[in-house]
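Dear colleague,

I am handing over the structure below, followed by some notes on what was found in it. Please keep it open while you read.

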Amino acid sequence: MLEALKFVLNEHIENRKLIFKLAIVNMNKQTMRTSLGVLWLYLHDFVYFSVFVMFRILMSGGGEIDGMHSVVFLVTGTIPWFFMQEALNVGAGSIKSYKSILKSIKFPITIIPTVEVTGIFLKRIFTFLFIFGVCGYFGYLHCFNPLLFVYYVFCMLILMYAVLMTVSAFAAVSSDFHQLYTVVLRVLMFTLPIMWGYKHISGHKIIEAVVRIDPMVYILNGFRNAFVVGGAPSLVYSIYFWLCVIVFFTFGSFIQFKLRKYYADLM
């Protein structure tokens, strides 16, 4: 296990420049054939967010969710989720997408999920400005804590890197796993406090505990802390989050290390 962890970390350190080069290439490749380029991404996110707001107003009216304006609650949840959803979706098939390269040349396979996550983040980095605009419009910007914001962005990236180390390996060698993973990812949004607040489950301690098991909830709560609430992260919950990251990354490193020589044959 330690050998695998050391191997993966060394590959990332030695190929750090290559990671950013490939991330930029991937980012440009996805929009190079369109006239608006990356602006299509921002347009898509704006449309999706508008639909979420409309759905919320039609179902429950305006008002507040967990002590903040419903639109602010939605934007501080949906923007991080849009990034994590794309990272989890695209990153799962990242190793498969490099199949032709893996068969022809020696390539540092373990950096592939990291390349995908980095490219998606660089592409979406300006979508986070939308949160500033909405929070400023509704008068919450004075609550903004830049240190918390940077911390939770870092947490979000690290979590995606760690999770995809495991998921991309299993998805590359098992089509059944990839299909099951796709189904889980489609319903995952509805289990996260993105469109609903904790007041709806406040009387159900077991349900609330189950919801908080997902480390992505730590990220969503964190963005709301950074922009609105302003409170420091819970020490116990923070320890739990970083333990999850360590477990995901360690296990993923082990799987990647064991399968790296067999990807070309298994795919």
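Phe-128 has a relative accessibility of 4%, so it counts as buried, the cut-off being under 20%. Please note that the model is a predicted one.

Phe-128 sits in the loop that runs between helix H7 (112–124) and helix H8 (129–137). Leaving out residues up to four places away in sequence, Phe-128 touches Ile-79, Pro-80, Phe-121, Phe-149, Met-156 and Phe-223. Val-75 is 53 residues from Phe-128 in sequence, while their C-alpha atoms are 9.4 Å apart in space.

**The nonpolar cores**

The largest nonpolar core holds 66 residues, and Phe-83 and Phe-223 have the most contacts inside it. Two or more residues of this core come from each of helix H3 (39–60), helix H4 (70–92), H7, H8, helix H9 (146–173), helix H10 (175–188), helix H12 (215–229) and helix H13 (235–259). H9 gives the largest share, 15 residues. Another core, of nine residues, lies apart from this one; among its members are Tyr-98, Ile-112, Val-115 and Ala-172.

As for Phe-83, its contacts beyond four places in sequence are Val-117, Ile-120, Phe-121, Arg-124, Met-156, Leu-157 and Met-160.

**Glu-116**

Is Glu-116, at 8% relative accessibility, buried or exposed? Glu-116 counts as buried because 8% is under the 20% cut-off. This residue belongs to helix H7. With neighbours within four places in sequence set aside, Glu-116 is in contact with Asn-26, Val-90, Gly-91, Ser-94, Ser-97 and Tyr-98.

Regards

How values were computed. Residues numbered from 1 in each chain as written. Predicted model: local features only at pLDDT ≥ 70, side-chain atom pairs only at ≥ 80, totals over all residues. Heavy atoms only, no water. Helix = DSSP H or I, 4+ residues; strand = E, 2+ residues; numbered from the N terminus. Buried < 20%, exposed > 50% of the residue type's maximum accessible area, 1.4 Å probe, protein only. Contact = heavy atoms within 4.5 Å. Core = buried A, V, L, I, M, F, W, Y, C linked by side-chain atoms within 4.5 Å.
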